[in-house]
Amino acid sequence: MTDAETLAERVKAGDLRLYELEAHADADTAAAARRQLLAEEVGADLETVGDYSFPTDRADPNIENMIGVAQIPMGVAGPLPVDGEAAGGSFYLPLATTEGALVASVNRGADAIRAAGGANATVLQRGMTRAPVFETSGVREAAAVADWIRASRDRLAAAAEATTSHGELREATPYVVGDSVFVRFVYDTKDAMGMNMATIATREAAEVIEAETPVSLVAVSGNLCTDKKPAGINAIEGRGRSVAADAVVPADVIEDRFGTSPDAIAEVNTRKNLIGSAKAASLGFNAHAANVVGAAFLALGQDVAQVVEGAHAITSVEVRDAGLYVSVTLPALAVGTVGGGTGLPTQSEALELLGLAGGGDPPGTNGDALAAVLAAGALAGELSLLGALAGRHLASAHAEHGR
Ligand SMILES: CC(C)(COP(=O)([O-])OP(=O)([O-])OC[C@H]1O[C@@H](n2cnc3c(N)ncnc32)[C@H](O)[C@@H]1OP(=O)([O-])[O-])[C@@H](O)C(=O)NCCC(=O)NCCSC(=O)C[C@@](C)(O)CC(=O)[O-]
Ligand SMILES: NC(=O)C1=CN([C@@H]2O[C@H](COP(=O)(O)OP(=O)(O)OC[C@H]3O[C@@H](n4cnc5c(N)ncnc54)[C@H](OP(=O)(O)O)[C@@H]3O)[C@@H](O)[C@H]2O)C=CC1
């Protein structure tokens, strides 16, 4: 084993690549060597980046060229009472963010939801997607291959499911565009977000398609999945978990907590979230679902790039006799309680805070519960921001809390 200084020297001399250091030293020394090298080369002080509390090799599956950690402040909003098949109870929602006023806002929304007797939350469907693209000789061959795929679902499922003890193929839907055939594979990935699982399973199914038909695979991901890009197909068909939450908040609670009326909030929702979003051709008809999804994803070890599809949410509001009805529906929330970043130390502690670390019994139930809690959190965020806009205190709130 080599010390950090020697490793840094060997990289400088061109004897080792920056990413090869773990083969010559433990993970801690390798990270220290990279910091030393960077400090010398660019003069950056990385002392805080290198000051963290968990064994460096815990992050092995999650990062390459590790130099340390990015620390993001984490707060909690709650307790947030949630009632649903997947999640029942009162939750403190961990949120990691650098946006002042965000946690206060979700906390205020949770407070109003508590006063209203809680939120309902329900998981509408589970289905992580991967859509390879194949090349054919032309439209007639493409149409014939699409027919073959429709007729061969069981063979494709057998190939795909041979790669996983948890994943189950739900659908394999072909789409033809000119001489390209896309197949949107949809899997129940249980408690895993499932993108690695779905990709590995799809590669096997794609090999069957290539072996049995004249097509050739161009790419295992053909963007009809659609992962980490804004896409109507996710907003309409769903991806990961499709989940919805709602609550009816009495008028006196609206007035007390937000200093405004149900009518004023309903008008903001119509003109902002519906008309404004339509005019902007937005895929998100909500105020800031991405704020809660993003901050919760960071805290809980989710893949933050999937905040893109997590933001495809619709918020609806209606004034009823009992008070203000508010709902938020997130069609494409990619969440998991195993795999990915969920096993990292702070992330698994944050999942423990929700009582949702690891696999559920039966598998899939923890992932569903996480989706339900996040939907209720998004509801709290929507309610509070709509209240701030209707009560005209958004700017003053951020002047006070956010800078
Ligand atoms: C900031 C507040 C909450 C003040 O809210 P307030 O009503 O002025 O203050 P308050 O002192 O009366 O507190 C009310 C409640 O807020 C919570 N609260 C209050 N302070 C704290 C705190 N320090 N820490 C934790 N919780 C706090 C707490 O629940 C408290 O109840 P209490 O417990 O006192 O009975 C409110 O003005 C607010 O929510 N404003 C909206 C801010 C917001 O939602 N920002 C989101 C980010 S904006 C953005 O990123 C997206 C955007 C806006 O661009 C999207 C778009 O286009 O719309
Ligand atoms: N490959 C890609 O194209 C992409 C990858 N990613 C990354 O993929 C990672 C997430 O992939 P993901 O597949 O979720 O995670 P992992 O690759 O970490 O795999 C999780 C594995 O956990 C096992 N497992 C154990 N218990 C359970 C349970 N209760 N429910 C479900 N699975 C269980 C499964 O094994 P088994 O299958 O053997 O049953 C599953 O495959 C993230 O790091 C993300 O950033 C993101 C986007 C694209």
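Helices here are DSSP runs of H or I with at least four residues, numbered from the N terminus. Three of them, α3 (102–115), α13 (365–390) and α14 (394–401), each supply at least two residues of the shell around ligand 1. The structure is a predicted model, in which local features need pLDDT of at least 70, side-chain atom pairs count only at pLDDT 80 or more, and totals for chains, interfaces and linings use all residues. Residues are numbered from 1 along each chain as its sequence is written, ligands are numbered from 1 in the order in which they are written, and side-chain values use heavy atoms, without hydrogens and water.

**Ligand shell**

Around ligand 1 there are 19 residues, of which E99, S105, N107, K272 and S384 come nearest; a residue is near if one of its heavy atoms lies within 4 Å. Helix α3 gives the largest share of this shell, five residues.

| Residue | Distance |
|---|---|
| S105 | 2.6 Å |
| K272 | 2.4 Å |
| S384 | 2.9 Å |

The protein buries 58% of the 1100 Å² that ligand 1 exposes when taken alone (Shrake-Rupley method, 1.4 Å probe).

**Nonpolar cores**

A nonpolar core is a set of buried (under 20% relative accessible area, 1.4 Å probe, protein chains only) Ala, Val, Leu, Ile, Met, Phe, Trp, Tyr and Cys residues joined through side-chain atoms within 4.5 Å. The largest such core has 62 residues, and L95, L300, L330, L374 and L383 have the most contacts inside it. Helix α13 contributes the largest share of this core, 14 residues. A second, separate core of 25 residues includes F134, A157, Y187 and A198.

How values were computed. Polar contact = N/O pair within 3.5 Å; in protein donor to acceptor, adjacent residues only side chain to side chain. Buried < 20%, exposed > 50% of the residue type's maximum accessible area, 1.4 Å probe, protein only.
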